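Work through the exercises below with the sequence and the 3D structure at hand. Each task is followed by a worked solution.

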Amino acid sequence: MSHSSFPNVTIVSLHGKTPQIHDSAFIAPGCRIIGDVTIGPDVSIWYNCVLRADVNRIVVGARSNIQDGSVVHCDSAMPGAPDGYPTIIGEDVLVGHMAVIHGCVLEDRAFVGMSSTVMNGARIETDGMLAAGAMLTPGKQLAGRQLWSGVPARYVRDLTDEALAEMRLGVAHYVENGRAHKRALAGA
């Protein structure tokens with residue numbers, strides 16, 4: 001991975017940790033990737049996102065996307081959490097624009113709507129969906145195949161097979177769109 005392959009992106013090594021970014025990932029201009037960050041294959045990190053792993057680690061699994069203006073952070077050790085709160089994002093995860101993802105776990109195929117917040121110790125299980133503008137408060141667990149909404153977020157309903165199929169199409173769209181933006185920025 002060459003940092004020069006990401007124009008107008010800040011990549012910072014901190015506390016002896018350098019972001020690890022797979023060659024196939026798309027990192028859009030304006031992003032800030034700091035510290036103990038691992039970004040997997042075909043991930044797309046969209047314009048003006050911040051992934052700051054200065055006090056713990058951040059992992060973004062294959063084909064996941066973090067959409068424009070989102071902030072991903074983690075938290076250090078504290079009473080009741082001796083390992084702190086890393087942020088672990090699984091594979092095929094969709095994170096909408098302007099989301100705040102903080103010290104939590106997003107399992108494979110989770111969905112976080114635009115302008116939503118997921119806080120320390122929270123978890124969205126596989127195929128779970130947090131609606132736009134919702135806040136998943138500390139330690140809450142959103143079960144797989146459920147839609148939660150509101151502030152604080154609460155269960156709304158189970159997701160249909162059609163809704164899950166749409167989420168998978170969204171993942172495929174973002175992989176392809178990331179490749180197209182990467183080519184456009186490279187002048188190809």
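**Exercise 1. Find how much space the largest cavity holds, and state what lines it.**

Step 1. A cavity here is a set of points on a 1 Å grid over the protein atoms alone where a 1.4 Å probe fits but cannot get out, and lining residues have an atom within 4 Å of a point. Points are joined across faces, edges and corners, and the volume is the space filled by probe spheres set on them.

Step 2. The model is predicted: local features need pLDDT of at least 70 and side-chain atom pairs count only at pLDDT 80 or more, while totals for chains, interfaces and linings use all residues. Residues are numbered from 1 along each chain as its sequence is written, and side-chain values use heavy atoms, with hydrogens and water left out.

Step 3. By this rule there is one cavity of 30 Å³ or more.

Step 4. The lining consists of Ser24, Ala25, Phe26, Asp42, Val43, Ser44, Tyr174, Val175, Gly178, Arg179 and Lys182. H1 gives the most to this lining, with five residues; helices (H or I, at least four residues) and strands (E, at least two) are DSSP runs, numbered from the N terminus.

Step 5. By class, the lining has five nonpolar, three polar and three charged residues. Ala, Val, Leu, Ile, Met, Phe, Trp, Tyr, Cys and Pro count as nonpolar, Asp, Glu, Lys and Arg as charged, and the others, Gly among them, as polar.

**Exercise 2. Identify the strands that pair with S4.**

Step 1. Two strands pair if DSSP finds at least two bridges between them.

Step 2. S1 (residues 10-12) is parallel to S4, with three bridges; threonine 10 is bridged to arginine 32 of S4.

Step 3. S2 (residues 20-21) also pairs with S4 in the parallel sense, over two bridges, and isoleucine 21 has isoleucine 39 as its partner in S4.

Step 4. S6 runs parallel to S4 and is joined to it by seven bridges. Isoleucine 34 is bridged to arginine 52 in S6.

**Exercise 3. Is threonine 87 buried or exposed, and which residues does threonine 87 contact?**

Step 1. Threonine 87 belongs to strand S9 (residues 87-89).

Step 2. Its relative accessible area is 0%, so threonine 87 is buried (under 20%; exposed is over 50%, partly exposed in between; 1.4 Å probe, protein chains only).

Step 3. Beyond its neighbours within four places in sequence, threonine 87 has contacts (heavy atoms within 4.5 Å) that include Arg57, Val72, Cys74 and His102.

Methods. On a 1 Å grid over the protein atoms alone, a cavity is a set of points where a 1.4 Å probe fits but cannot get out, and a pocket is an open set with protein on both sides within 12 Å along at least five of seven lines; lining residues have an atom within 4 Å of a point.
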